[in-house]
Amino acid sequence: MENSVPDFVLFLGRFHPLVVHLPIGFLVFAFLLEIFSRIKKNPVLTTAIPLALFLGGVSALVACILGYMLSLSGDYDDNALDSHFWFGIATTVLAFVAWLIRIEKIKLSNYKKIQPNIAALTLLVIVISVTGHYGGNLTHGSDYLVKYLPFNTEEKTELAAVTNLEEAEVYGHLVAPILENKCISCHNDSKKKGGLSMIDSVSMHSGGKSGAILVPGSANESELVKRVLLDPHNEDFMPPEGKTPLTEEEIAIITYWINSSNADFKTKVANVEIPENITTIASTMLGLGANNNTVALPTVAKVSNELIASIEKEGFKLKELVFESNLFEVVLAPNTVVEGKENQLKAKLEKLLPIKENIIWLSIENNKLTDENVQIVSQFTNIQKLKLSENPISDNAIQHLLKLKNMTSVNLFGTKITSKSLEVFSKMENLKYAYVWQTNIEQKDLEGYNKTNTPKIILGM
Amino acid sequence: MCNNHHKKLRSNNKDLHEIEKQVDRRDFLKKTSLGLGALALGSLLGADKMFASINKNSTPEEILNTYNKNRLGLPHHLPKAKRIIYLFQSGGPSQMDLFDYKPKLSDMFGKELPDSVMSGQRLTGMSGNQSTLPIAPSVFNFKQYGESRAWVSDAMPYLSEVVDDLCFIKGMQTDQINHTPAITFMQTGNQLPGRPSIGSWLSYGLGSDNENLPTFITLVSKNGKGQPLKSSLWGNGFLPTEHQGVQFRSGKDPVLYLSDPENYDGNDRRHMLDYLGDLNNLQHDAYGDPEIQARMSQYEMAFKMQTSVPEVSDLSDESDSTFEMYGKDSRDPGTYAANCLMARKLLEKGVKFVQLYHQGWDQHNYCPGGVKSQSKKTDQPTAALIKDLKQRGMLDDTLVVWGGEFGRTVYSQGQLTKENYGRDHHPKAFTMWMAGAGVKPGFSYGETDDFSYNVVKDPVHVHDFHATLLHLFGVDHERLTFKHQGRRYRLTDVHGNVVKDLLT
């Protein structure tokens with residue numbers, strides 16, 4: 001059927017979601033005018049009502065026509081479409097009726113105390129709300145609206161949580177969440193883009209307009225995998241432009257499901273061979289034995305370009321570590337602060353305070369840094385790598401650094417710290433490496449130090 | 001000398017009148033309130049490309065920063081490495097004489113290499129016509145070192161001290177069997193010259209970390225014999241020219257033509273460059289050629305290097321113990337040892353990519369002697385570099401890579417005796433190692449068969465190596481692309497997988 005629809009009709013049809021907002025606006029506005037004119041006893045307002053109703057009716061008519069054109073694409077479920085279709089027509093008819101009542105072409109007498117124009121407007125608002133709701137369901141799926149409703153305890157049919165990977169169902173635990181996240185919003189029973197629904201095994205097996213999406217045992221021939229591997233600019237690439245694409249890991253999981261368990265919907269991980277990389281990805285997905293090697297990256301506030309410029313004016317170099325993460329590496333080039341001008345450093349460091357949470361790596365090497373200065377540094381709580389080498393700092397500075405809970409490596413070579421700091425290092429939970437060459441720490445100080453304890457203390461060789 | 005020129009530039013060339021109109025339009029935009037609005041709109045539309053020509057009033061810093069600015073959406077993820085030093089061992093070091101210990105070979109001295117091992121592989125013209133391919137066990141003794149118990153031959157006594165910091169890749173594979181294509185493949189991801197080298201890709205993708213030195217610097221050991229090296233190995237290919245590697249030479253001038261000519265004090269050079277910049281801007285407006293901008297930024301870089309290069313090539317502030325650690329060659333500029341030391345200084349100054357080349361690993365004959373003499377030149381400085389970077393805390397974010405373009409054969413090329421043999425090129429298995437930022441220390445990945453001929457476990461192809469290297473810098477190798485001649489290119493082209501097992 002869809003082949004007989006000219007492209008131009010579909011082109012116009014896509015304007016439906018845009019135009020539908022006009023009647024909503026006009027008609028609700030008419031209703032509000034009616035209410036206000038009564039509350040404020042201001043009859044001037046009422047003069048605009050007929051016009052608002054008329055425009056509402058006309059735009060509703062246009063929306064209906066465009067909506068019909070859109071429905072011809074066949075992307076939508078017939079049942080859900082039906083309700084929206086008839087409510088849409090009802091809205092249009094009702095809008096014209098309300099208009100006619102308002103301009104008194106239709107004269108109805110009051111029934112008890114209810115005035116016909118108020119009744120018509122109220123009904124209109126109700127009907128248009130229902131129409132809008134059905135329309136929204138068509139586009140976003142029927143569980144979209146209340147998904148994040150507070151106290152909504154009704155969970156989707158949740159699979160039992162697994163404690164080890166072997167128990168997990170390849171489809172249920174690993175593949176389904178990916179589809180749920182990235183595909184279902186357009187491929188469900190009410191909105192079947194390309195005629196495809198991925199809501200359950202039956203609909204997935206029946207495929208879409210271009211045929212089956214799964215070829216058991218051969219991911220490379222399966223449309224499901226082919227489409228996500230296309231060039232992102234390709235028209236057939238899925239998910240379409242503007243939606244989040246699948247990650248490498250997600251594609252690996254789906255490929256594994258199709259290849260190893262023949263796209264079966266019940267197979268458990270225990271029953272199929274699982275390669276090492278899939279084990280890693282799957283464990284991470286299920287939150288099992290999470291990789292505790294790296295400290296997670298914090299989410300931080302945006303830093304304005306003006307702020308960056310003002311900090312760079314002080315001699316710092318800022319480099320964003322991940323694009324648009326607002327997490328920075330901050331470097332003060334060695335010898336920026338020279339002898340005799342040591343007090344400059346404090347002012348410079350204070351300039352960093354507005355971005356204290358954005359600093360992940362910090363390097364202030366050979367810049368006459370003092371213990372007191374380190375107090376400022378210790379406020380940059382998200383630091384993971386800190387380089388303070390060749391500065392006149394002592395054990396007191398290391399005490400301040402205890403506040404940096406995320407620090408994984410600290411470079412203190414060429415400072416005045418002593419073996420007292422070793423104990424402080426071992427209190428730093430995430431610290432893995434401490435570089436202490438050319439300090440007062442010597443090889444013999446490390447003898448009592450348990451080697452298996454983190455961090456590793458690195459002296460010269 | 002040149003301070004009496006007019007600031008307003010007007011050409012008398014008819015063909016350039018169009019340009020002057022453009023200049024006027026820009027002034028118009030600048031000076032009217034409408035212009036302000038239009039400029040605001042321009043920036044909303046992401047028009048930095050539309051107005052990409054360098055503003056006349058920019059300071060030199062701004063001109064350089066234009067090139068350093070991140071316009072590509074990089075890094076894709078948190079990098080592990082900030083800088084890299086790639087110790088390229090040109091010629092193809094013999095893996096089974098250095099790291100890939102094959103004890104079973106000693107019982108097979110002189111026996112014919114089984115066909116099942118060769119499985120019909122095509123050999124080079126140098127040994128392909130030999131009537132016999134006798135197995136040549138290594139003359140070197142192997143021992144295990146460190147906590148990681150890594151095997152190293154006695155050709156590399158210094159390196160054996162730092163094995164716990166190294167990550168060996170024993171299953172390296174390449175597609176190319178001859179030097180020029182293989183080395184070009186290793187450095188650019190393609191066997192034909194013309195693609196950008198690894199360093200150029202990193203410079204293009206990540207920009208510079210310092211204002212005074214190039215992002216990508218190449219050092220070649222002096223008096224190198226063997227296969228020639230050519231500048232396309234550190235070339236920018238189709239990437240903008242400012243991303244090409246700058247070669248530092250051995251000898252008096254590391255970079256040629258930086259010093260001022262005789263009887264010229266250089267005092268008005270800044271002035272001259274500013275005016276030249278104005279002229280070049282005019283030219284850029286006329287032709288829109290990005291190479292004009294590249295040229296301008298290179299003039300600025302050259303100007304800065306007039307002071308930064310003498311500073312960095314001066315090794316006089318290094319302590320005696322440092323020279324001792326790198327070996328006595330390190331006092332002789334241009335040697336591999338001196339280059340290692342210089343490389344550390346460059347990395348300290350914020351150079352992102354330092355590439356060393358050492359020629360002479362092409363042991364077709366006299367292999368034991370050749371391996372011994374090249375090891376003697378490179379072993380101590382290499383190990384010293386690892387130690388030095390480590391004690392300064394730099395190994396934390398510096399990646400060190402050691403390797404050649406391919407490996408060598410287990411069979412002898414030419415005559416085999418108990419003490420002597422030659423080895424031909426072998427692309428199907430060779431050893432490389434990495435150290436530092438983000439790679440597992442004291443780790444060995446991949447295995448070869450008993451003949452070090454085929455990879456039997458965890459092969460790592462050159463493309464995979466490139467993908468992994470970029471990954472360590474926070475770059476997804478599939479997303480760092482450059483459109484050229486109608487299609488997008490990557491370092492790994494359409495290949496490559498990140499070898500996650502090598503990563504910490």
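Predicted model: local features only at pLDDT ≥ 70, side-chain atom pairs only at ≥ 80, totals over all residues.
Colleague: Why are α7(A) and α10(A) called oblique to each other?

Modeller: The axes of α7(A), residues 170-182, and α10(A), residues 248-260, cross at roughly 140°. Angles over 145 degrees count as roughly antiparallel and 65 to 115 as roughly perpendicular. The pair is therefore oblique. The axes come within 10 Å, and the crossing is left-handed.

Colleague: Which residues make the contact?

Modeller: From α7(A) there are A:V170, A:Y171, A:L174, A:V175 and A:I178, and from α10(A) A:E250, A:I253, A:I254 and A:W257. By class, eight of the contact residues are nonpolar, none is polar and one is charged. Glu counts as charged.

Colleague: What makes B:G146 partly exposed?

Modeller: B:G146 has 16 C-beta neighbours inside 10 Å. A residue is buried at 20 or more and exposed at 12 or fewer, so B:G146 counts as partly exposed.

Colleague: Where is B:G146 placed, and what does B:G146 touch?

Modeller: B:G146 is in the loop between β2 (142-145) and β3 (150-153) of chain B. Leaving aside residues up to four places away in sequence, B:G146 touches B:V163, B:D164 and B:G442. B:D164 is 18 residues from B:G146 along the chain, with 5.8 Å between their C-alpha atoms.

Colleague: How many residues of chain B are in contact with chain A, and of what classes are they?

Modeller: Chain B contributes 17 residues, in contact with 19 of chain A. The chain B side divides into four nonpolar, eight polar and five charged residues.

Methods
Residues numbered from 1 in each chain as written. Chains lettered and ligands numbered in written order. Axes fitted to C-alpha atoms, helices over the stretch in contact; angles between N-to-C directions. Helix = DSSP H or I, 4+ residues; strand = E, 2+ residues; numbered from the N terminus. Parallel < 35°, antiparallel > 145°, perpendicular 65-115°, else oblique. Left-handed = near helix turned anticlockwise from the far one by under 90°. Contact = placed C-beta atoms within 7 Å.
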